[in-house]
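Visitor: I am new to this structure. Could you walk me through it, one question at a time?

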Amino acid sequence: MGVWADQLPARVAVGGSRALVVAVLAVELVVPGGWGDADRALLLAGLVVGVPHGALDHLVPRIVLGRRAPHPALLAAGYATLVVVVFLAFRALPGVGLLAFLLLSVAHFGTGETAVADLRAGRPPQAAPLTAAAFGATVVLLPLAAHPTEVGPLVAALSGGAAGLTPGQARAGVAAVLTLAALAGVRLLRRGDHAVAAELALLVTLVLVVPPLAAFGAYFGGWHAPRHLARLVAADPVNAADLAAGRLARPLGRLARQAAPPSLAALGALAVFWLAADWPESAATALMLVAALTVPHALVVAVLDRRAGPPRTTPRGSRAGVGS
Ligand SMILES: CC1=C(/C=C/C(C)=C/C=C/C(C)=C/C=C/C=C(C)/C=C/C=C(C)/C=C/C2=C(C)CCCC2(C)C)C(C)(C)CCC1
Ligand SMILES: [Fe+2]
């Protein structure tokens with residue numbers, strides 16, 4: 001086979017996510033009125049499609065550590081407890097909660113991008129703080145700074161009424177994120193990572209051009225989630241033989257079966273929150289739930305990143321993939 005077996009899922013996810021983001025951009029630029037009022041629908045769709053990417057978190061330690069890992073049922077109970085505690089803490093201290101959520105999100109999305117880039121390049125995951133910060137800030141902070149009016153009501157609902165950014169702060173925020181992205185882009189180009197630099201430019205364009213809620217929905221559900229799932233599929237030794245034979249359908253079926261129950265539980269809670277209030281409280285409470293899911297999810301992904309090794313060197317050879 002011409003590619004690393006481990007890289008097959010990532011190649012598919014990368015191709016699909018690029019095409020989706022380009023399509024979302026094209027709608028904004030070509031269709032009269034762009035996304036218009038459909039931005040909320042795209043945010044909701046992105047959240048719904050994106051939630052399952054964390055639904056295998058309680059199984060990740062077993063994938064990574066094998067039998068030495070605590071039992072998945074124990075992990076699921078701890079995970080669910082942490083979600084409830086963080087959700088209640090966010091509600092009690094919304095200002096601090098929002099700040100912490102944004103910073104954790106920058107780190108989580110940013111390191112997710114560098115981990116996928118490393119997997120595709122066939123090298124072990126390595127710390128790339130500048131690239132990670134640039135990606136994370138682009139998808140989390142740039143929408144807030146570039147579109148303060150559109151996100152204002154949602155940010156106020158999430159933060160317990162805190163005033164949004166002043167025009168001066170927003171301009172400074174945009175300049176800071178664009179400078180960071182430019183520095184990271186130049187460094188990536190110098191290192192020969194042209195595709196990653198182009199992806200950073202694509203995401204910057206998405207966030208600047210497309211309304212912020214639509215842009216975030218597209219990124220979360222159409223880019224971050226499939227790429228993360230691709231890493232999990234590649235990391236699970238159970239999938240090794242299928243991937244080596246170039247088969248993705250069976251690994252994806254297994255993943256869907258395992259992810260269904262936790263996804264339905266989390267989506268049920270999301271639906272209740274979304275339907276129980278009017279905009280923007282509906283979206284704010286749903287995002288608080290996402291924030292609560294983010295804490296254990298980011299912890300699990302950090303473990304995955306630390307334990308990851310280089311891809312297998314032979315399609316069916318000894319396992320040294322993301323999860324080894
Ligand atoms: C396993 C399990 C489970 C499940 C889980 C899951 C399902 C998970 C998921 C996870 C996830 C799902 C995660 C996520 C993450 C996310 C994030 C990290 C986000 C972020 C966001 C942001 C940052 C935003 C921002 C903003 C604002 C704030 C405003 C407006 C504009 C914007 C949108 C930009 C349960 C619990 C059932 C049980 C136990 C076990
Ligand atoms: Fe994630």
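This is a predicted model: local features need pLDDT of at least 70, side-chain atom pairs count only at pLDDT 80 or more; totals for chains, interfaces and linings use all residues.

Visitor: What is the geometry of the site of the iron ion (ligand 2)?

Guide: The site has four donor atoms. The angles among them are 84 to 174°. The site of the iron ion (ligand 2) is square planar.

Visitor: Which residues are the protein donors of the iron ion (ligand 2)?

Guide: The donor atoms lie 2.1 to 2.2 Å from the ion. In sequence, the donor residues follow the spacing H-x54-H-x115-H-x72-H. Each gives its NE2 atom: His53, His108, His224 and His297.

Visitor: How many residues apart in sequence are the parts that His108 and His297 tie together?

Guide: His108 lies in helix H5. His297 lies in helix H13, residues 281-307. The pair therefore ties together parts whose separation in sequence is 189 residues.

Visitor: Are H10 and H13 oblique or roughly parallel to each other?

Guide: Helix H10 spans residues 212-235. Its axis and that of H13 come within 12 Å and cross at roughly 45°. Angles under 35 degrees count as roughly parallel. H10 and H13 are therefore oblique.

Visitor: Which residues of H13 make the contact with H10?

Guide: H10 passes H13 in a left-handed crossing. From H10 come His224, His228, Arg231 and Leu232. By class, the contact has three nonpolar, three polar and two charged residues. The H13 side is His297, Val301, Leu304 and Asp305.

Visitor: Is the crossing of H5 and H6 left-handed or right-handed?

Guide: H5 covers residues 94-121 and H6 covers residues 129-146. Their axes come within 7 Å and cross at roughly 135°. The two helices are therefore oblique to each other. The crossing is right-handed.

Visitor: How many charged residues does the contact of H5 with H6 have?

Guide: The H5 side includes Phe109, Gly110 and Glu113. The H6 side includes Phe135, Gly136 and Leu144. The classes are 11 nonpolar, six polar and, for charged residues, one.

Visitor: How are H2 and H12 oriented to each other?

Guide: H2 is residues 39-50, and H12 is residues 249-276. Their axes come within 11 Å and cross at roughly 155°. Angles over 145 count as roughly antiparallel. H2 and H12 are therefore roughly antiparallel.

Visitor: Which residues in H12 meet H2?

Guide: The contact of H2 with H12 has seven nonpolar, no polar and one charged residues. H2 brings Arg40, Leu43, Leu44, Leu47 and Val48. They meet Leu267, Leu270 and Trp274.

Visitor: Is the peptide bond from Trp279 to Pro280 cis or trans?

Guide: Pro280 is found in the loop between H12 and H13. Omega for the bond from Trp279 is near 0°. The bond is cis.

Notes
Residues are numbered from 1 along each chain as its sequence is written. Chains are lettered from A and ligands numbered from 1 in the order in which they are written. Side-chain values use heavy atoms; hydrogens and water are left out. Axes are lines fitted to C-alpha atoms, for helices over the stretch in contact, and angles run from 0 to 180 degrees between N-to-C directions. Helices (H or I, at least four residues) and strands (E, at least two) are DSSP runs, numbered from the N terminus. Angles under 35 degrees count as roughly parallel, over 145 as roughly antiparallel, 65 to 115 as roughly perpendicular and the rest as oblique. A crossing is left-handed if the near helix is turned anticlockwise from the far one by less than a right angle, and right-handed if clockwise. Contact means heavy atoms within 4.5 Å. Ala, Val, Leu, Ile, Met, Phe, Trp, Tyr, Cys and Pro count as nonpolar, Asp, Glu, Lys and Arg as charged, and the others, Gly among them, as polar. Donors are N, O and S atoms within 2.8 Å of the metal (3.2 Å for Na, K and Ca); water is not among the atoms, so sites may look incomplete. Four donors count as tetrahedral if all angles lie between 85 and 135 degrees; four count as square planar and six as octahedral if opposite donors are over 155 degrees apart and all others between 65 and 115; anything else is irregular.
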